[in-house]
Amino acid sequence: MASPGSSGRCSRTPGFPAGPLGGGGRAVPAVGLGTASLRSVGEESFRGALLAALEVGYRHIDTASVYGSERVVGEAVAGAARRGVIACREEVFVTTKVWCTQCHPDLVLPSLRESLQNLQMEYVDMYLVHWPMSVKPTKPHYPMKREDIMPMDLRGVWQAMEECHQLGLAKMIGVSNFTTKKLQELLAFAKIPPAVNQVELNPVWQQKKLMEFCKAKGIHVTAYFPLGGRHSTSTVNPVLDSDVLKEIAAAKGKSVAQISLRWIYEQGASMVTTSTKRERLKENIDIFDWQLSDEDRLKISQIPQHKTVSVLSILCPDGVSSVELSEVDVVEV
């Protein structure tokens with residue numbers, strides 16, 4: 001089903017190459033700004049990072065109800081339009097997500113309406129199911145209690161997502177942290193298939209099985225943690241501290257971050273990165289006029305794999321779940 005049309009008040013002109021077309025017919029910008037961790041830097045620094053990103057050419061901003069960043073995102077986009085940094089709101093691709101506490105058929109649409117109120121927008125370009133798990137209804141938060149996990153009515157949740165699309169409140173709908181098993185379950189009954197699956201993806205977590213499945217099903221992949229992440233018990237970032245990536249970066253005169261982002265781009269995926277520094281923001285989109293060699297790609301394909309995010313990342317350490325945790329985890333098996 002086609003997405004509701006845009007107002008036509010201004011053209012959409014991403015400042016850099018975009019990823020493959022999503023199911024609603026609009027290109028997903030190749031690099032976006034993620035906002036999950038930006039709230040920790042303080043509101044003014046966060047607002048400044050959003051404006052800087054838009055000024056240097058970012059046209060995708062990724063947020064979520066659980067991040068607590070939607071209000072500032074909306075204010076920044078409106079402010080950028082007033083200042084002429086962007087022509088209008090339609091120029092920016094905005095993604096938000098429904099959290100586990102609202103992953104219930106009767107709460108998906110109200111959650112989106114609340115997100116739109118926070119954003120002060122009439123629609124979002126992409127609305128994602130943030131995690132394939134339902135938790136006892138309450139305000140979005142984490143970590144969540146294991147005993148609050150409930151059996152998920154995925155069919156009912158997805159029908160509510162389809163309603164969000166049909167009402168024109170979400171131009172495209174998709175999922176996040178879905179394994180091939182969960183995608184197969186969803187595709188068995190979805191009238192509108194997910195346009196996007198946003199997952200952890202980088203050279204040290206290459207998701208080959210999932211990438212092949214999504215490509216075969218026409219589901220675009222967006223990468224989060226494209227530059228890796230740290231476990232709470234470690235000071236090592238397996239991407240930025242990778243000797244293989246460091247060697248390739250030195251030979252090419254690029255940063256390790258650029259090598260990782262370029263590799264993701266060459267997989268046909270888009271990505272959301274996070275930085276508050278203008279120079280780093282610019283560096284992260286300077287990945288389109290050069291490419292990796294076959295030798296580089298071979299070396300990267302042999303990097304030992306290391307996943308950062310699992311369901312344990314968002315749950316309290318104690319307590320007992322009535323739902324098997326393997327059913328709500330995000331690790332391919």
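This is a predicted model: local features need pLDDT of at least 70, side-chain atom pairs count only at pLDDT 80 or more; totals for chains, interfaces and linings use all residues.
Residues are numbered from 1 along each chain as its sequence is written. Local features need pLDDT of at least 70, side-chain atom pairs count only at pLDDT 80 or more, and totals for chains, interfaces and linings use all residues, while side-chain values use heavy atoms, leaving out hydrogens and water.

**View A. Eight strands close into a barrel.** The order is S3-S4-S5-S6-S9-S10-S11-S12, and the pairing is parallel. Neighbouring strands of this sheet are turned by 30° against each other on average, direction ignored. Axes here are lines fitted to C-alpha atoms, with angles from 0 to 180 degrees between N-to-C directions. Strands are DSSP runs (E, at least two residues), as are helices (H or I, at least four), numbered from the N terminus. Two strands pair if DSSP finds at least two bridges between them.

**View B. Strand S5 meets strand S6.** Residues 93-98 form S5 and residues 124-129 form S6. Four bridges join these parallel strands. Thr-96 stands opposite Tyr-127 in S6.

View C. S9 (residues 170-176) pairs with S10 in the parallel sense over two bridges. Ser-176 has Gln-198 in S10 as its bridge partner. Between S9 and S10 the chain passes through helix H5 (residues 180-187), in a right-handed β-α-β crossover. Right-handed means that, with the strands pointing away from the viewer, the path from the first strand over the helix to the second runs clockwise.

**View D. Strand S10 is largely enclosed by the rest of the structure.** Why? Five of the five residues of S10 (residues 196-200) are buried, meaning under 20% relative accessible area with a 1.4 Å probe, protein chains only.

**View E. Strand S10 pairs with strand S11.** Five bridges link S10 to S11 (residues 220-224) in the parallel sense. Glu-200 has Tyr-224 in S11 as its bridge partner. Helix H6 (residues 208-217) carries the chain from S10 to S11, and this β-α-β crossover is right-handed.

Conventions
Buried means under 20% relative accessible area, exposed over 50%, partly exposed in between (1.4 Å probe, protein chains only).
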